[in-house]
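Please look through the structure below together with this note. The points are set out for a reader who is new to such models.

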Amino acid sequence: MSFWHEAIGKIEEVIKESGVEDGVVTLEVTYGGDVCQYPRGVRMEGHFGGKTGQFVTSDPVRANTRISFMFGSALANPKQRAAAGAIVNTVSAFFLLARRLRPCTPDCYGPCLAELSREVAGKQVYLVGPMPVLEKALAGQTVDSPEAADLLLVAGDGLATDAGVACIDEYRGKKRMIFLGPSTAGVSGLLTIEHWCPYGR
């Protein structure tokens with residue numbers, strides 16, 4: 001069982017008999033607007049009950065889908081996992097299960113990166129998922145394998161790709177792992193994983 005199934009199992013338990021299991025989440029792809037600086041991709045937004053959750057990915061979908069689509073699903077490919085990420089964030093917003101589900105504004109990019117750089121200073125870092133800003137900013141301390149790292153930073157498609165899922169499952173609880181930005185807020189909140197989004201809203 002991957003971390004996805006554990007997180008979705010917790011959502012299923014929370015909403016059981018609430019009447020929203022068969023509620024429909026609308027997934028849209030949006031361009032422009034505020035977005036976290038770390039993950040690479042476009043913003044997929046989920047809408048449900050007046051609440052919004054987003055997931056930045058290179059593999060977005062547009063769909064109307066029931067929340068229950070995730071329950072028992074194998075989530076066998078990155079597109080399905082990215083959709084699940086947007087739905088988990090949207091449902092987390094609706095039930096107040098996580099904080100910082102909306103990105104900061106661009107004026108916060110510099111302070112956020114400076115604080116994150118101080119947080120990981122002196123440590124070997126492995127990036128789970130494409131993160132061009134951190135690939136450049138942390139160029140002197142990133143490593144090519146999680147085995148060689150002191151800590152793992154996870155964002156966006158790091159949660160969706162086969163390699164990212166395998167990496168998180170293998171090292172969760174064994175190495176410090178920090179999930180970055182609104183895309184990871186729902187899963188990190190459900191699984192009590194360290195989350196970094198100091199200026200998120």
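How many aromatic pairs does the structure hold?

1. The structure holds three aromatic pairs, where rings of Phe, Tyr and Trp (its six-membered ring) pair if their centres lie within 6.5 Å, and planes under 30 degrees apart count as stacked, over 60 as edge-to-face and the rest as tilted. One of them joins Phe-48 and Phe-94 in an edge-to-face arrangement, with 5.0 Å from centre to centre and 65° between the planes. Phe-48 belongs to strand β2 (residues 42-48) and Phe-94 to helix α2 (residues 78-94), so this pair ties together parts that lie 46 residues apart in sequence. Helices (H or I, at least four residues) and strands (E, at least two) are DSSP runs, numbered from the N terminus.

2. A word on the basis of these values: this is a predicted model, in which local features need pLDDT of at least 70 and side-chain atom pairs count only at pLDDT 80 or more, while totals for chains, interfaces and linings use all residues. Residues are numbered from 1 along each chain as its sequence is written, and side-chain values use heavy atoms, with hydrogens and water left out.

3. Strand β1 (residues 24-30) pairs with two strands, where pairing requires that DSSP finds at least two bridges between them. With β4 (residues 63-66) the pairing is antiparallel over four bridges, and Leu-27 has Ala-63 as its bridge partner in β4. With β2, strand β1 is joined by five bridges, again in the antiparallel sense, and here the bridge partner of Thr-30 is Arg-43.

4. An open sheet of four strands, with parallel pairing, has the order β5-β6-β7-β8. Because β5 (125-128) and β8 (195-196) stand at the edges, each with a single partner strand, one side of each is left without a neighbour in the sheet. Helix α5 (residues 162-171) packs on this sheet and touches β5, β6 (151-154) and β7, where contact means heavy atoms within 4.5 Å; the direction of α5 makes about 135° with that of β5, the axes being lines fitted to C-alpha atoms, for helices over the stretch in contact, and the angles running from 0 to 180 degrees between N-to-C directions. Strand β7 (residues 176-180) is joined to β8 by two bridges, and Leu-180 has Trp-196 as its bridge partner in β8.
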